[in-house]
Amino acid sequence: DEQLTRYVNLLGQSLALFSDKPLTYKGYSFLVLDSDEINAFAAPGGYIFVTRGMLGLCRSEDELAAVLAHEIGHVQMAHALKAIRTSRLTSAFTILGAEAARTFGGSDLAELTDAFEGSISDMSQTLMNSGYARSQEKEADLAAIQILKRAGYDPNALVRMLQTMGHDLKPGGPDFAKTHPPPEARIAGLRSMLPEHGPQPIPAARKARFAQAMNGL
């Protein structure tokens, strides 16, 4: 869906500019996955994925912005890279240092390849199966609050989104519930950071572009 992907990218790129890491090596990329699962995750280098199922839960651009800002927070904190086992990096850099002045031998190249393949496996295991640590999820939530405030979105939209997910997610399911802490726990950690007020008025132009992008989802 080109229109939907373009919209999510425009929103995501705009939010990234208000993060503490507005630039990555090749820039941020936001991709919509054709899946009914409710999920979103960030990979190293600024690749952020969000499913149709997650988009379907968003009732406003502010709530979608909250989802994307949380994932930008993971990129900002380099959480995926921190999932790589230290032993793998030590092995890789030892080989690179030793071979910097001469051609790689077959065994050295094989070991280096294994180390980097293992690094990808470490990150994939974290993103798809185990999820980030609770402390990292909290860091991403706090980063999201700051991004939303700076960009002019309602920071309480993150709480509303978590409340919706808490209602729709099935414990032990294969999606967001599997790789994230319970929404109730995350909401409790955010309360002290947020102003106590109802939903802020949403500008008419923001409502219209959200409705148009989500048409037919």
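Strands β1 and β3 pair in the parallel sense over five bridges, where pairing of two strands requires at least two bridges found by DSSP. The model is predicted, so local features need pLDDT of at least 70 and side-chain atom pairs count only at pLDDT 80 or more, while totals for chains, interfaces and linings use all residues. Residues are numbered from 1 along each chain as its sequence is written, and side-chain values use heavy atoms, with hydrogens and water left out.

**Overall make-up**

The chain has 11 helices and three strands. Helices (H or I, at least four residues) and strands (E, at least two) are DSSP runs numbered from the N terminus. In order from the N terminus, the elements run α-β-β-β-α-α-α-α-α-α-α-α-α-α. Of the 217 residues in the chain, 45% are buried; buried means under 20% relative accessible area, exposed means over 50%, and partly exposed lies in between (1.4 Å probe, protein chains only). The chain exposes about 11100 Å², of which carbon and sulfur atoms supply 57%. Accessible areas come from the Shrake-Rupley method with a 1.4 Å probe, and for residues only the protein chains shown count as cover. Among contacts with a separation of 6 or more, residues 24 or more positions apart account for 68%, a contact being heavy atoms within 4.5 Å.

**The strands**

The hairpin of β2 and β3 has three residues between the strands, and G45 takes a positive phi near 85°. Four of the five residues of β3 are buried. Strand β2 is covered on both faces, with A40 and A42 buried on one side and F41 and A43 buried on the other.

The table sets out the lengths of two helices; the expected span is 1.5 Å times one less than the number of residues.

| Helix | Residues | Number of residues | End-to-end C-alpha distance | Expected span |
|---|---|---|---|---|
| α7 | 134-151 | 18 residues | 26 Å | 26 Å |

At the start of α1, a side-chain oxygen of D1 reaches to within 3.2 Å of the backbone nitrogen of Q3. The buried residues of α1 are L4, Y7, V8, N9, L11, G12, L15 and A16. Their cover includes β1 (29-33), β3 (47-51), α2 (52-57), α3 (61-76), α7 and α11 (204-214).

One of the residues in helix α1 is N9, which is buried with a relative accessible area of 19%. Leaving aside neighbours within four places in sequence, N9 is in contact with S29 and F30. The C-alpha atoms of N9 and Y28 are separated by 8.6 Å, with the two residues 19 residues apart along the chain.

In α7, the buried residues are Q136, E137, A140, D141, A143, A144, I145, I147 and L148. After α7 comes G152, whose phi is positive, near 85°.

H74 has its place in helix α3. This histidine is buried, with a relative accessible area of 1%. The side chains of H74 and E137 are joined by a polar contact of 3.3 Å. A polar contact is a pair of N or O atoms within 3.5 Å; within protein, one must be able to donate a hydrogen and the other to accept it, and residues adjacent in sequence count only if both atoms are side-chain atoms.

A nonpolar core is a set of buried Ala, Val, Leu, Ile, Met, Phe, Trp, Tyr and Cys residues joined through side-chain atoms within 4.5 Å. The largest such core has 42 residues, of which V8 and L64 touch the most other members. Helix α3 gives the most to this core, with eight residues. Not counting residues up to four places away in sequence, L64 touches Y7, V8, L11, L55, C58, F210 and M214.
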